[in-house]
Amino acid sequence: MSSDSDGRRVVCISGGTSGIGAALVQAFLAEGDRVYSFSRAPEKLRRLEGRWPEAVEQGALVLLQGDVTDAAFLARLADRLEADAGRLDVLVNNAGVILGSGTLEEGLEQWRATLEINLIAPFALTQACAGLLERGADPVVLNISSACAQHPFATCTSTSYSVSKAGLDMLTRRLALALGPKGIRVNGVAPGVVDSEMWGGAAELMQEITARRHLLRRQEVVKPADVAEAVLFLASSRARLVTGATLNVDAGYTLG
């Protein structure tokens, strides 16, 4: 596993300012890694900085303002990683949106924006960082997908979101095939219903879906930290022979 002279991996997480992304930042910082993340919203960056001011001050957490759909920003991000570390060990494509609901009711602009952020951006960020990833001893790309990619569940109310995540699952496999000979593993994690900001104020609906669709006796809502644990495993040497896989973290949501 490639690391800094002090043992730290270099990790880049898109969409790291809230929900699953913030849990990922916390998890990798706890592992002692150097984490880069970014957002187009300055207030979200300030909020994240406020959670880990010491990590920011020490350079363990580097926060940048930029848009994952902006090719010029992705180039600047790769340049920054090149200048700071000369490589990248872990790339987590986590940024995602749900902009509409329904099927034919969803507007084309919502479709375009959803596909741009949820599917095209992960490809573009991986493409921008591929050269940096090649320099790691055990580099890995992790794509955050969704249980909604695997079946047209009525509870997955946005068709554009489900389709974008289904495309991301195929991208995971295609990238694993293409990047494996370069020593880069590519895997996905597919959460079910997660107690995060994406659900907004729909706490009652989330609990109802959990009670109806989760198969485990505990009937627990999946937390962002549960998703982060799966990502940590796939990013570790324990998963050194795992590539092209998508791991469900959904308490049986996709089986029910």
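Predicted model: local features only at pLDDT ≥ 70, side-chain atom pairs only at ≥ 80, totals over all residues.
**Overview.** I began with the protein chain as a whole and found 8 helices and 7 strands. Of its 256 residues, 51% count as buried. I then looked at contacts between residues at least 6 apart in sequence: 74% of them join residues at least 24 apart. The chain exposes about 12,000 Å², and carbon and sulfur atoms supply 53% of that area.

**Aromatic pairs.** My search of the whole structure turned up 2 aromatic pairs. I took a look at Phe153 and Tyr253: their ring centres are 4.8 Å apart and the planes meet at 70°, so this pair is edge-to-face, the angle being over 60 degrees. Where do the two residues sit? Phe153 is in the loop between strand E5 (140–144) and helix H6 (159–179), while Tyr253 is in the segment after strand E7 (246–249), so the pair ties together parts that are 100 residues apart in sequence. I also checked burial: Phe153 is buried at 6% relative accessible area, and Tyr253 is buried too, at 2%.

**Cores.** Next I asked which residues have the most contacts inside the largest nonpolar core. They are Phe28 and Val92, in a core of 33 residues. Strand E1 (10–14), helix H1 (19–30), strand E4 (90–93), E5 and helix H8 (224–235) each give two or more residues to this core, and H1 gives the most, with 8. Leaving out residues up to four places away in sequence, I noted the neighbours that Phe28 touches, including Val11, Ile13, Val92, Val231 and Leu232. Arg9 and Asp33 are also among them. Apart from this core lies another, of 30 residues, with Val62, Val97, Ala121 and Leu168 among them.

Notes:
Residues numbered from 1 in each chain as written. Heavy atoms only, no water. Helix = DSSP H or I, 4+ residues; strand = E, 2+ residues; numbered from the N terminus. Buried < 20%, exposed > 50% of the residue type's maximum accessible area, 1.4 Å probe, protein only. Contact = heavy atoms within 4.5 Å. Areas by Shrake-Rupley, 256 points an atom, 1.4 Å probe, with all protein chains shown as cover. Phe/Tyr/Trp six-rings, centres within 6.5 Å; stacked < 30°, edge-to-face > 60°. Core = buried A, V, L, I, M, F, W, Y, C linked by side-chain atoms within 4.5 Å.
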